[in-house]
Amino acid sequence: MIDYSSLISDKASTIKPSGIRKFFDIVSTIDGAISLGVGEPDFQTPWQIRRAGINALEKGKTFYTSNWGLADLRHEISVYAKKNYNLDYDEHKEIIVTVGGSEAIDNALRSFVSNGDEVLIPEPSFVCYTPLTIMAGGTPVPLKTTMENGFKLTADVLRAAITPKTKVLIMPFPNNPTGAIMTREELEEIAAVLRDTNIIVISDEIYCELTYGGKRHVCFAELPGMRERTIVINGFSKSYAMTGWRLGWVMAPREMLKPLVKIHQFGIMSAPTLSQFAGIEAMRTGANDIAYMREQYDMRRRYVYSVLTDMGMPCFEPEGAFYIFPNITKYYEDDEEFCDRLLKAKKVAVVPGSAFGESGRGHIRISYSYSMKHLRTALERIQEFLDEL
């Protein structure tokens with residue numbers, strides 16, 4: 001009889017399963033359950049983008065592409081960067097197309113993190129950063145953010161965390177799960193701390209198109225002196241409602257991109273070809289679709305924030321992404337037990353805040369990427385649950 005536990009690598013044994021996927025898997029087995037747990041747009045991929053993928057399939061464009069991705073897609077990404085950030089990236093040597101943003105984050109960490117290197121991770125934040133740091137041999141160092149300061153990373157917290165072993169800072173804004181953003185002035189304070197260091201920044205900007213209240217997203221690489229140390233990661237999943245297409249990209253100085261491309265070419269080869277043709281169309285014609293979806297998310301954001309605050313649940317009003325992160329300690333100390341009981345009692349799935357790091361404990365994440373009908377029903381059930389508590 002094989003002892004499988006003795007065969008599993010130390011790194012694979014160390015990391016925990018995703019707290020998001022745990023509740024996603026459970027809710028799929030409960031009849032009549034409503035999920036507010038997964039960060040997936042409820043919109044279909046816009047038709048002209050789907051059509052571009054269909055056309056590529058019908059024309060037999062099912063070959064491998066360059067490891068770097070289709071040249072036309074990289075050109076469109078460079079145009080996007082110039083238009084949105086006023087940044088120039090060489091489409092031939094400074095842009096690579098990846099299998100979603102998650103592959104890009106993994107490759108970036110494995111490219112620069114050696115055993116014992118420290119990776120600074122503002123928390124609460126997306127569930128992949130810590131396990132991918134561990135898989136790369138690094139040591140995750142959480143940087144606590146709080147509701148009181150808008151879940152933003154501050155210069156003082158950053159400065160206090162830097163040691164001789166610090167190699168990478170992850171900048172996860174707009175933030176999943178809190179909906180926090182950082183303004184240019186706030187980012188400039190972070191840049192000032194980094195300016196005389198050798199620290200690399202991985203800026204995860206997957207939600208860059210989803211900011212509200214007229215607040216323009218600022219790419220970290222825009223700041224003076226930051227382009228040379230920043231790996232900008234983005235993708236199509238959230239902005240264009242293309243989660244299942246698995247398409248992302250990386251922009252970075254060519255010397256920083258060289259090791260990343262090597263890992264990508266041996267681990268993945270190239271991003272899905274049909275998705276890349278769809279991505280070209282998304283870049284060229286998807287701006288109006290983004291604007292419409294952002295408007296809908298904003299309406300849902302204001303509605304959910306209003307209902308939760310009326311319930312007496314302390315909330316930070318999100319300014320980006322499509323999540324809200326209320327504090328539930330008034331009702332329950334253990335956020336995971338709260339979520340378990342809510343699911344069993346009222347068939348509503350939300351994600352415990354502790355899934356996003358210790359700084360998230362005592363909160364829950366609710367995604368408002370769902371329809372208004374879906375949200376109304378779920379929030380009514382949550383109100384019933386709180387009343388019964």
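The model is predicted. An open sheet of seven strands has mixed pairing. Three strands form another open sheet, with antiparallel pairing. Two cis peptide bonds are described, one joining E123 and P124 and one joining F173 and P174.

**The seven-stranded sheet**

- The strand order is β2-β8-β7-β6-β5-β3-β4.
- β2 (95-98) and β4 stand at the edges. Each has a single partner strand, so one side of each has no neighbour in the sheet.
- Neighbouring strands are turned by 20 degrees against each other on average, with direction ignored.
- β5 (residues 166-171) pairs with β6 in the parallel sense, over four bridges.
- β6 also pairs in the parallel sense with β7 (residues 230-235), again over four bridges.
- β7 and β8 (residues 248-251) run antiparallel and are joined by four bridges. Here N234 stands opposite W249 in β8.

- β6 spans residues 200-204 and is mostly covered, with five of its five residues buried.
- In a regular strand, side chains alternate between the two faces of the sheet.
- I200, I202 and D204 point one way from β6. V201 and S203 point the other way.
- V201 has L169 opposite it, while D204 stands opposite I233 in β7.
- β5, helix α8 (residues 184-194) and β6 make up a β-α-β unit, and the unit is right-handed.
- Helix α9 (residues 254-267) lies across β6, and also across β2, β7 and β8. The helix runs at about 25 degrees to β2.

**The three-stranded sheet**

- The order here is β9-β12-β11.
- β9 and β11 (351-352) are the edge strands. Each has a single partner strand, so one side of each is left without a neighbour in the sheet.
- β9 and β12 (residues 364-367) pair in the antiparallel sense over two bridges.
- Y323 stands opposite S367 in β12.

**Cis peptide bonds**

- Most peptide bonds are trans.
- The bond joining E123 and P124 is cis, with omega about 5 degrees. P124 lies in the loop between β3 (118-123) and α6 (129-135).
- The bond joining F173 and P174 is cis too, with omega about -5 degrees. P174 is in the loop between β5 and α8. Those two elements also belong to the right-handed β-α-β unit with β6.

- Most residues other than glycine have a negative phi.
- F151 has a positive phi, near 55 degrees. This residue sits in the loop between β4 (139-144) and α7 (155-161). Why does F151 count as buried? Its relative accessibility is 1%, and buried means under 20%.
- A321 has a positive phi of about 60 degrees and is not a glycine. Its place is in the loop between α11 (287-310) and β9 (323-324). A321 counts as buried because its relative accessibility is 0%.

Methods:
Residues numbered from 1 in each chain as written. Predicted model: local features only at pLDDT ≥ 70, side-chain atom pairs only at ≥ 80, totals over all residues. Heavy atoms only, no water. Buried < 20%, exposed > 50% of the residue type's maximum accessible area, 1.4 Å probe, protein only. Pairing = 2+ DSSP bridges. Right-handed = clockwise from strand over helix to strand, strands pointing away. Axes fitted to C-alpha atoms, helices over the stretch in contact; angles between N-to-C directions. Contact = heavy atoms within 4.5 Å.
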